[in-house]
Amino acid sequence: MARRPLFEDRADIRYFLSRLARRVRSGEIEVHSWCVLTTHFHLMIRSVTGDLSPSLGLVQNEYVRYFNRRHRRDGPLVRGRFTSRLVDSLTYRLRLLRYIDANPVLAGLAAWPWEYPFGSARQYVLGTSSPWLDRTWVEAEIRARGVRKGSFGDAYMDLTRTKSAEADAAFVSSWLKRGRHGSNDLDRLVASSPPGVLDWMLRKSALADGQVPGLPMCDLPSVRAELAEYRTKATSGVSIGRGRLADHALLAEVGLMRSMCGLTLAQVASISALPRTTTQRAAQACRELMQSDPEFARLISELGRRALDRCHGTDRWGA
């Protein structure tokens, strides 16, 4: 953007949405979720024709011409092409839906997503959807979970409530920055039992070169919350080299941050306030114990399983 708001008032937002609706009516795209703020917008869309760039490029170009004409300015309004990423994980799609809805809350524009007038969350909850909003996928997800009581709007709020909008934003941001390598693992991992989680962690722990081992499967707050609960229990000392001792909780922390959160050794060292060499030894000790110590393997797999539940659940806002 050219260091200025992208949308100055309701008229700007309405025109942008009208351009988006035109592409829907032409059969080029489906819009499943959207939110427009002052400086940017978020869309969850499907390309019907398989050629997304021309469709959204046309929306963007038409809007820029309108904006410059209406506000009597010239020159570029946006910097380059929009950013888009393939969404091929149901778990991530649900997380992305919550993230899009939460943007006005994170920006301080509303207390709840459904209170903000320029987003699909309000339309889903109040039942006032624009004709061009495709509700098919969201409604299918709600039906699959069973609507026990209340209206569709209540069911939508249950589907999209989250423990932490900030954690959702950090998780989605990491996926947007890193592309989609490893994204197919997420749905399988979330559906796994603790032994399945252990098997996945053993495969990931083989990437011991200090680089980011693919996409994060879990956010850091969820991992640390589970570790905090475990630390209230007694732990045993484990040698990690040169006479230094660590407890099982520390080794599990390093292992989970590396595999589940997709962090580098340098990032793990910084978060854990450990020297880099100690972190490396802890990572090595974690790998060895996962393979040789059934009790530790059970511990780390159960911690990982509970962290996944905590991360990808849909508990109430602010709970």
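1. Let's begin at Ser292, where a polar atom of the side chain lies 2.8 Å from the backbone oxygen of Glu288. Ser292 is part of helix α13. With a relative accessibility of 55%, Ser292 counts as exposed, because the cut-off for that is over 50%. Keep in mind that this is a predicted model.

2. Thr279 also belongs to helix α13, which covers residues 276-292. Is Thr279 buried or exposed? Its relative accessibility is 0%, so Thr279 counts as buried. Leaving aside residues up to four places away in sequence, Thr279 touches Val254, Leu265, Val268, Ala269 and Leu274.

3. Next comes helix α14, residues 294-312. Asp293 caps the N-terminal end of this helix, with a side-chain oxygen 2.9 Å from the backbone nitrogen of Glu295. How far apart are the end C-alpha atoms of α14? They are 27 Å apart, and that agrees with the 27 Å that 19 residues should span at 1.5 Å a residue.

4. If you want to see which parts of α14 are hidden, pick out the buried residues: among them are Phe296, Leu299, Ile300, Leu303, Leu308 and Cys311. The buried set also includes Ser301, Arg305 and His312.

5. Now for the rings. A pair of aromatic rings is described by the distance of the centres and the angle of the planes. The count here comes to 13 aromatic pairs. In one of them, the centres of the Phe16 and Phe41 rings are 4.7 Å apart and the planes meet at 45°, so the pair is tilted. This pair links distant parts of the chain, as Phe16 is in helix α1 (residues 10-25) and Phe41 is in strand β2 (residues 41-47), 25 residues apart.

6. The charged end of Arg93 is over the ring of Trp137, 4.9 Å from the ring's centre.

Methods: Residues numbered from 1 in each chain as written. Predicted model: local features only at pLDDT ≥ 70, side-chain atom pairs only at ≥ 80, totals over all residues. Heavy atoms only, no water. Helix = DSSP H or I, 4+ residues; strand = E, 2+ residues; numbered from the N terminus. Expected span 1.5 Å × (residues − 1). Buried < 20%, exposed > 50% of the residue type's maximum accessible area, 1.4 Å probe, protein only. Polar contact = N/O pair within 3.5 Å; in protein donor to acceptor, adjacent residues only side chain to side chain. Contact = heavy atoms within 4.5 Å. Phe/Tyr/Trp six-rings, centres within 6.5 Å; stacked < 30°, edge-to-face > 60°. Lys NZ or Arg CZ within 6 Å of the ring centre and 35° of its normal.
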